[in-house]
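Student: I would like to go through the terms used for this model and see what each one rests on.

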Amino acid sequence: MMGTGKTTVGKSLAKKLGYRFFDTDESIERVANQTVREIFEEYGESDFRELETKVLAELSTLTRSAIATGGGIVLKPMNWSYLHQGLIIWLDAPVPLIVERLREDTTRPLLDTPNLTDTLTELLESRRNLYAQADLRLEIEADRTPDAIADTIIKRIPTVLKSKPIPPSKS
Ligand SMILES: Nc1ncnc2c1ncn2[C@@H]1O[C@H](COP(=O)(O)OP(=O)(O)OP(=O)(O)O)[C@@H](O)[C@H]1O
Ligand SMILES: O=C(O)C1=C[C@@H](O)[C@@H](O)[C@H](O)C1
């Protein structure tokens with residue numbers, strides 16, 4: 001979900017593990033040479049989602065990488081086959097915390113709304129069952145630093161891997 005810390009925590013996680021870090025939004029912006037907002041405005045959400053799937057397909061072949069995805073990656077069933085190439089982590093932050101973090105942010109077109117709390121609540125509720133398909137769910141509390149959250153993830157990875165061994169990749 002937007003603003004839960006995927007990019008911030010993902011970078012910390014990658015550093016601690018000695019992995020590379022990628023962000024699907026950033027990759028999309030590089031490929032399209034446009035911002036996410038510009039893509040939404042010029043071509044619409046559907047074209048953005050297609051680009052997102054293409055980028056995810058490429059990133060999912062990489063090994064030793066932490067990948068922060070856009071919060072809407074869960075919407076397309078096809079994306080799940082790519083997500084399942086890795087270990088999927090859901091950062092489950094409460095709406096008031098996301099509101100606090102994103103109040104001043106204008107980069108997310110789905111949040112162009114007069115009532116951020118209502119919009120985020122609706123979005124989260126419509127996606128909750130999809131996010132719940134993740135391999136690991138972490139409840140995000142306001143006072144936890146990105147490093148502390150990354151440490152918790154690292155501690156819990158061995159247990160998750162017992163029920164989901166990650167297949168070797170080609171690259
Ligand atoms: N643990 C944290 N403590 C304090 N601030 C945080 C924490 N995690 C993220 N933030 C802040 O919250 C904002 C959103 O974080 P971030 O961009 O990492 O979220 P995201 O899940 O990647 O969002 P999106 O998917 O919409 O790009 C940023 O300003 C970031 O600095
Ligand atoms: O949750 C979403 O649907 C989105 C999240 C952002 O990271 C971007 O991928 C885009 O703004 C859409």
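This is a predicted model: local features need pLDDT of at least 70, side-chain atom pairs count only at pLDDT 80 or more; totals for chains, interfaces and linings use all residues.

Tutor: Residues are numbered from 1 along each chain as its sequence is written, while chains are lettered from A and ligands numbered from 1 in the order in which they are written.

Student: How many residues surround ligand 1, and which are the closest?

Tutor: There are 17, the closest being Met2, Gly5, Lys6, Thr7 and Thr8. A residue is near a molecule if its C-beta atom, placed from the backbone, lies within 6 Å of it.

Student: Which element gives the largest share of that shell?

Tutor: Helix 1, with three residues. Helices here are DSSP runs of H or I with at least four residues, and strands are runs of E with at least two, numbered from the N terminus.

Student: Why is arginine 49 called partly exposed?

Tutor: Arginine 49 has 16 other C-beta atoms within 10 Å. A residue is buried at 20 or more, exposed at 12 or fewer, and partly exposed in between, with C-beta atoms placed from the backbone. Arginine 49 is therefore partly exposed; this residue lies in helix 4 (residues 45-59).

Student: What makes glycine 71 buried?

Tutor: Its count is 21 other C-beta atoms within 10 Å, so glycine 71 is buried. Glycine 71 sits in the loop between strand 2 (65-68) and helix 5 (77-83).
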